[in-house]
Amino acid sequence: MSKLVILEIRDADNEQRYPVTLRICDSINYQNFQSTVSGKFPPAKDLIENYDNLKRNRMDDGFGSYRKLEKLKKAQVTNVSVKELAKGVEISVNNWLNFPDSDFQEVRDLLLKVLSAHKNDVRVIIETDNISLWSFPWHLWNKFQELEVEPSFALLTTNINSKLSQNNYKNKIRVLVILGDSSDINVEADLKLLKESIAHNDAEITTLTATNSSKLDDELWNQNWDILFFAGHSSSEDDYSQGKLALSETESIAIKDLKYGLENAIKHGLKLAIFNSCDGMGLVKELASLEIPAIIAMRERVPDEVAQKFLEHFLNAFAREKKSLRDSVMQARKKLHVMDIQYPCASWLPMIYEHRAVEPPTWDELLKGNEEERQRVSIWRNLRAVLVASVLVTGAVMGVRWLGLLEPLEKKAFDELTQIMPDKALDSRLLIVEATTDDFKKLNNEYPLQDKTIVRVLEKLNKHQPRTIGLDIYRDIPQGQGRDDLIKYLQKHNHIIPICMFPSEKLPEGILQIPNLPDNRPGFGDIIEDSDRVIRRHLLAMKPYPSSQCKTFFSLSFQLALHYLQSQPNSNGTRISKLPVEFRENYWKIGKTDFKNLEIDRGFYQKEKLGGFQIILNYRSRRSLIDIAERVTLMQILNEQVNPSDIKEKIVLIGVTDPTRNNANYNTPYNQEIPSLMFLAQRVSQIITAIEDGIPLMWFLPQWGDTVLILLWSVVGGFCAIGLQSRLHLGLAQGALLSILYGSCGFSLLTLGCVLPLVPSGLALLGASGCLIVYNARKDS
């Protein structure tokens, strides 16, 4: 733990001896003294005479351009005598402090003991109200030099109980730079040094050049500052009672005139003042009375070149090497020593004032003092950057999506997700009767199937009481014998639902419905392909074209499913439906199941043409889409080779699967082509499964829902880039987040049937991350 050593020096007594009290304590407990000893310094008559003589000679001789408020006449450099006088002062300092005086011996011995025991970890403060003692070059004492001690100064009258080190609520070290009157000196060099040393080192510089007292006072009141820096001309009264700053060629101001502004600045966090100008002890005395934590100033006149070099060395040690304030001044003093040749006593000039109650701040401590607010501002700045980037990226992604450019990728991603859906068992409510190649051979290549053959098949099936029969065979024109019998049979049996087709590009005339049946009896067999020829949608209803001979409103799949659901036998043997059915324009409710029409601009269908009442098609099985239900052949029905229980109360679908008979095959998201009969079975099964089994239908979020979700993922990607600086870690995190996104989309589809925007969310995540990577790179450059 560092030690605080205080030398309290009173005014000289009648014998010209200075009473002194040495107090020793821990730096963090500056009021609880562990050791205290009193004594008296020997008379300092020789030191005072030699030092006064030195100062007069330095005043008389010219050593370059000075930063003194009163203009001095330049003279020829004659520094030989000044050097000799400086050497005499150094000898006088050591003679004075090393003098074997019994009144001072005990103080000196304890002082050296503590300094030796706590080398490099001790603060030495010379506290006195006799400001002339501040001017003594105490650092020349050989003991201080051997132990590398840089003494600082303070007033005895300082209020040690005052509350200092207020939090300064900003995220950087704020430096107020005052460039005063620059006549015959170069204060711009100081500003350049400050900018080069600290402007890019978590510091923010505000500069007032040749300002006036009103503007300076406004800055002290209206802003919070950590460091106050002045460069220009200044001076102090002979008794150091007052110091003045030359703000410009026409205006100077005393510290006392800025008292209230400076008090406010100190109250709100001003911790260090640096006066890189002449005769600073009057400035220090006045400012110290306001209880600022630390001040650096020049004891006497300082040549312009020395002031610049001191600032350069000090800033290098303090801001770059992060040394303590005392060590930084000591290092700068040592580096100035070489300038003593040209400018005698140049290295003597810097002095430190510090408040006993506050350890002089280091550069890191100035930052740390603002750490809470710095973190808060940093968090807010990062949050703002993430939000701005996320909004911009989300807008860009939604714009690209609206143009339809993401549709191919989104459809492929949807296809991948559907393939992780679990396989379902065969749908026991369906029976598929297919006319195969072997069947046509056994029927002597009877194609198309004659009407009488279809009647025979229907008669065989009805013997075993199927609940619903779907005829997926075109009967728009008579085929062979038995036309009248077929029409009469269909008129008699309402549970048999035939197919018709609306006019289309492939079938310009469409497929007419069987005559003499009600218009709403058949079901249309039209399907809707996506632009990539894959069927992902299920058309349930559509308003017939005025010219169409197919007059029905509902699809064959929906007609079959609805008839099946509404024809369940009751306990009394009747089939009066109790299933509630509600039809609205874009919303159906069948039982407890909601059917919502697929609307334009939903999901990845941004540019597809939508019409009628559509839902997303949820295929029952992915491994083999044709194996959706029990399958029998046409000849098995005709030869009565089918178990009656496989027919009773089932939906029986009749159609052709012989690939040689110009039978339509449809592309699916599973890279499988299936015949139209199996495709009909898939659609019927979807409706019944949703209503009876409670398997959710697939649906898209509304546009705003997709936007919010994409924005959230972009925010996640942005924070990921902000929080992870390592490209490797960022890449791994992005991979993990994309996996989570994929998994959450799959889970949502499986459990809720909700199709989330996988591709746009992934692009937003990566896009926001990329934007924030660029932002971080520019911020750090």
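Reply: Strand β8 and strand β12 (residues 272-276) pair in the parallel sense, over five bridges. Helices (H or I, at least four residues) and strands (E, at least two) are DSSP runs, numbered from the N terminus. Two strands pair if DSSP finds at least two bridges between them. This is a predicted model, in which local features need pLDDT of at least 70 and side-chain atom pairs count only at pLDDT 80 or more, while totals for chains, interfaces and linings use all residues. Residues are numbered from 1 along each chain as its sequence is written, and side-chain values use heavy atoms, with hydrogens and water left out.

Me: Which residue is the bridge partner of phenylalanine 229 in β12?

Reply: Phenylalanine 229 has isoleucine 274 as its bridge partner there.

Me: And how many bridges join β6 to β8?

Reply: Strand β6 (residues 173-179) runs parallel to β8, and five bridges join them. Leucine 176 stands opposite leucine 228 of β8.

Me: How many residues of strand β8 are buried?

Reply: Strand β8 (residues 227-231) is mostly covered, with five of its five residues buried. Buried means under 20% relative accessible area, exposed means over 50%, and partly exposed lies in between (1.4 Å probe, protein chains only). Ile227, Phe229 and Ala231 point one way from β8, whereas Leu228 and Phe230 point the other way, and all are buried.

Me: New strand: how many residues of β14 are buried?

Reply: In strand β14 (residues 350-354), five of its five residues are buried, so that strand is mostly covered. Pro350, Ile352 and Glu354 lie on one side of β14 and Met351 and Tyr353 on the other, and both faces are covered.

Me: Which strand do bridges join to β14?

Reply: Strand β13 (residues 294-298) is joined to β14 by five bridges, and the two run antiparallel. Alanine 294 has glutamate 354 of β14 as its bridge partner.

Me: Which residues does arginine 326 touch?

Reply: Arginine 326 touches Val122, Arg123, Glu150, Ile352, Glu354, Glu359 and Pro360, leaving out residues up to four places away in sequence. Contact here means heavy atoms within 4.5 Å. Arginine 326 belongs to helix α11 (residues 325-336).

Me: Why does arginine 326 count as buried?

Reply: Arginine 326 counts as buried because its relative accessibility is 12%.

Me: Turning to the open sheet, in what order do its three strands come?

Reply: The order is β20-β21-β22, with antiparallel pairing. The edge strands, β20 (581-583) and β22 (593-596), each pair on one side only. Between β20 and strand β21 (residues 587-590) there are three bridges, and valine 581 has isoleucine 590 of β21 as its bridge partner.

Me: Which helix packs on the sheet?

Reply: Helix α18 (residues 556-566) packs on the sheet and touches β20 and β21, its direction making about 150° with that of β20. Nine of the eleven residues of α18 are buried, so this helix is largely enclosed by the rest of the structure.

Me: Where is leucine 539 placed?

Reply: Leucine 539 is in strand β19 (residues 537-541). Leucine 539 has a relative accessible area of 4% and is buried. Between leucine 539 and glutamine 614 there are 75 residues in sequence but 4.5 Å in space, C-alpha to C-alpha. Beyond four places in sequence, the contacts of leucine 539 include Phe524, Asp526, Ile528 and Ser555.

Me: At what angle do helix α6 and helix α10 pack?

Reply: Helix α6 (residues 188-198) and helix α10 (residues 304-320) pack at about 15°, with their axes 10 Å apart. Axes are lines fitted to C-alpha atoms, for helices over the stretch in contact, and angles run from 0 to 180 degrees between N-to-C directions. α6 and α10 are therefore roughly parallel to each other. Their crossing is right-handed.

Me: At what angle do α14 and α22 pack?

Reply: Helix α14 (residues 407-418) and helix α22 (residues 727-751) pack at about 65°, and their axes are 10 Å apart. α14 and α22 are therefore roughly perpendicular to each other. Angles under 35 degrees count as roughly parallel, over 145 as roughly antiparallel, 65 to 115 as roughly perpendicular and the rest as oblique.

Me: Which residues of α14 meet α22?

Reply: Glu416, Leu417 and Thr418 of α14 meet Tyr742, Cys745, Gly746 and Leu749 of α22.

Technical notes
A crossing is left-handed if the near helix is turned anticlockwise from the far one by less than a right angle, and right-handed if clockwise.
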